[in-house]
Amino acid sequence: MQSTTRIFLIVFFVSLIAAGQSFANLIDWDQRDRYLKQQEKQQQQQAGKEVQISPDLPRWMQIAPKVETEDEKKYDVNRDGVLSPTEMKVYLRRVYYEVQDGSGKSVSTSEALKEYDSNQDGVITKKEAERIRKEAF
Ligand SMILES: [Ca+2]
Ligand SMILES: [Ca+2]
């Protein structure tokens, strides 16, 4: 092998190693690991975080209740499967009058009415309906 070829090869390999090392230094693996761990932690925190519900406002104003009964289906005007606050107001007013006219409104499987059945006996009484009057009228 000629000496110029040998020198060329040596220079070539040395620069390859040098290039490799400089690339290795460009990526701070520790920092990358820390970053990934942090991201993972944030995702876990968000997944575990429940929607914050304020006790000062009716639940239905904060989370639209799912349509659970045939009765509620009639009030889901846009048919998206949940009762928006506007839809809930109309529905609750009807429920309020129903309670006033009868002996009470059966809650059955309704997610929307559950919160007004304070004693959880499955029926909204006139007394319990007072909250509807305050919140939906
Ligand atoms: Ca709806
Ligand atoms: Ca009750």
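Leu83 sits in the loop between helix 4 and helix 5 of this predicted model. Is Leu83 buried or exposed? Leu83 is buried, because 26 other C-beta atoms lie within 10 Å of its own and 20 or more are enough to count as buried. Leaving aside residues up to four places away in sequence, Leu83 touches Trp60, Ala64, Pro65, Val67, Glu72, Tyr75, Asp76, Met88, Tyr91 and Ala112. Between Leu83 and Lys73 there are 8.8 Å in space, C-alpha to C-alpha, and the two are 10 residues apart in sequence.

**The nonpolar core**

Leu83 also belongs to the largest nonpolar core, which has 18 residues. Which members touch the most other members of this core? They are Leu83, Tyr91, Leu92, Val95, Tyr96, Ile124 and Ile132. At least two residues of the core come from each of helix 5, helix 6 and helix 7. Helix 5 gives the largest share, six residues. In soluble globular proteins, nonpolar side chains tend to be buried together.

Val95 is one of the core members named above. Apart from residues up to four places away in sequence, Val95 touches Lys105, Leu113, Ile124 and Ile132.

**Helix 5**

Helix 5 covers residues 85-101. Its 17 residues, at 1.5 Å a residue, should span 24 Å, and this agrees with the 24 Å between its end C-alpha atoms. The buried residues of helix 5 are Glu87, Met88, Tyr91, Leu92, Val95, Tyr96 and Val99. They line one face of the helix, because an arc of 165 degrees holds them when helix 5 is seen down its axis. Thr86, Gln100 and Asp101 lie on the other side of helix 5 and are exposed.

What covers the buried residues of helix 5? The covering elements include helix 3 (59-62), helix 4 (70-73), strand 1 (105-106), helix 6 (111-114), strand 2 (123-124) and helix 7 (126-136).

**Helix 7**

In helix 7, the buried residues are Glu128, Ala129, Ile132 and Ala136. Seen down the axis of helix 7, these residues fall within an arc of 95 degrees, so they line one face of the helix. Lys127 and Lys134, on the other side of helix 7, are exposed. Helix 5 and strand 2 are among the elements that cover the buried residues of helix 7.

Most residues other than glycine have a negative phi. Arg79 has a positive phi of about 50 degrees although it is not a glycine. Gln120, also not a glycine, has a positive phi of about 55 degrees. The table gives the place and the C-beta neighbours of each residue.

**The chain as a whole**

How many helices and strands does the chain have? Its secondary structure comes to seven helices and two strands. Along the sequence they follow the pattern α-α-α-α-α-β-α-β-α. The chain is more spread out than a compact globule, because its radius of gyration is 33 Å, well over the 14 Å that the globule rule gives for 137 residues. Taken along the principal axes, the C-alpha atoms fill a box of roughly 110 × 30 × 25 Å.

The domain assignment divides the chain into domain 1 (3-48) and domain 2 (59-136). The centres of domain 1 and domain 2, taken over C-alpha atoms, are 60 Å apart.

Ala18 lies in helix 1 (residues 3-26). With 10 other C-beta atoms within 10 Å, Ala18 is exposed. Ala18 and Val77 are 69 Å apart in space, C-alpha to C-alpha, and 59 residues apart in sequence.

Of the 137 residues in the chain, 18% are buried. Among contacts with a separation of 6 or more, 38% join residues 24 or more positions apart.

Note on methods:
Residues are numbered from 1 along each chain as its sequence is written. Chains are lettered from A and ligands numbered from 1 in the order in which they are written. This is a predicted model: local features need pLDDT of at least 70, side-chain atom pairs count only at pLDDT 80 or more; totals for chains, interfaces and linings use all residues. Domain bounds come from an automatic or database domain assignment. Helices (H or I, at least four residues) and strands (E, at least two) are DSSP runs, numbered from the N terminus. The radius of gyration is taken over C-alpha atoms; the globule rule is 2.2 Å times the number of residues to the power 0.38. A residue is buried if 20 or more other C-beta atoms lie within 10 Å of its own, exposed if 12 or fewer, and partly exposed in between; C-beta atoms are placed from the backbone. Two residues are in contact if their C-beta atoms, placed from the backbone, lie within 7 Å. The expected span of a helix is 1.5 Å times one less than its number of residues. The arc is that of the directions from the helix axis to the C-beta atoms. A nonpolar core is a set of buried Ala, Val, Leu, Ile, Met, Phe, Trp, Tyr and Cys residues joined through C-beta atoms within 7 Å.
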